Amino acid sequence: MSAAEARVLAPVLPPEVVAAIEAEIPNYPVKKGAMMNSLHHVQKALGWIPRDAMVEVAALLEVRPIEVLEVVTFYPMFRDRPVGRHHLEFCRNLSCALLGSRQLIRHCEKRLGIRSGETTSDGKFSIGEAECLGSCGTAPMLMLEDHFHENLTVEKLDQLLDSLD
Ligand code: FES
């Protein structure tokens, strides 16, 4: 991120998010320690983490914007692009893959008319893929709005999508 890109033209962080980040900072020996929780606050409020928000977080934590970008792009739970109001994050790692995650993703793509990584034109649904989400014993699974949907089948996935329609 260049210096020009690092300039924020208009703040994107709501005041309550700034307050939440400022409240995190005293919990750590250095401000940078509050990075993960700060980014969770941002994503919860905005649904994703725009570049301008990264710059604001960097200013609050007194780090370079590139350091925030590195964290956002390293951890799969952080999103650096907008997603739908209902973001279906399928685990694609070994246990889930062996038990049919690819077929579930294909079914979801067909039903919603989008590919993995895309958002429906009405902004309602998006599909993503993640590495192991730590629920291998109940594979295949997906995460939706911080909730795990486990032991998935095509029928269960259909029921879930019906409930969101
Ligand atoms: S492999 Fe899917 S949760 Fe671990």
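Biologist: What makes the two domains of the protein chain, and where do they run?

Modeller: The domain assignment gives domain 1 (3-74) and domain 2 (86-164); bounds like these come from an automatic or database domain assignment. The C-alpha centres of domain 1 and domain 2 lie 29 Å apart. Keep in mind that this is a predicted model, where local features need pLDDT of at least 70, side-chain atom pairs count only at pLDDT 80 or more, and totals for chains, interfaces and linings use all residues. Residues are numbered from 1 along each chain as its sequence is written.

Biologist: Why is Val12 called partly exposed?

Modeller: A residue is buried if 20 or more other C-beta atoms, placed from the backbone, lie within 10 Å of its own, exposed if 12 or fewer, and partly exposed in between. Val12 has 18 C-beta neighbours inside 10 Å, so it counts as partly exposed.

Biologist: Where does Val12 sit, and which residues does Val12 touch?

Modeller: Val12 is in the loop between helix 1 (3-6) and helix 2 (15-24). Helices here are DSSP runs of H or I with at least four residues, strands are E runs of at least two, and both are numbered from the N terminus. Leaving aside residues up to four places away in sequence, Val12 touches Pro50, Asp52, Ala53 and Glu56. Touching means that the C-beta atoms, placed from the backbone, lie within 7 Å. Val12 and Ala53 are 41 residues apart along the chain, yet their C-alpha atoms are separated by 5.9 Å.

Biologist: What makes strand 2 and strand 4 edge strands?

Modeller: The 4 strands form an open, mixed sheet in the order 2-1-3-4. Strand 2 (125-130) and strand 4 (147-149) each pair on one side only. Pairing takes at least two DSSP bridges between two strands. Strand 1 (residues 86-91) and strand 3 (residues 142-144), for instance, run antiparallel and are joined by 3 bridges.

Methods: Two residues are in contact if their C-beta atoms, placed from the backbone, lie within 7 Å.
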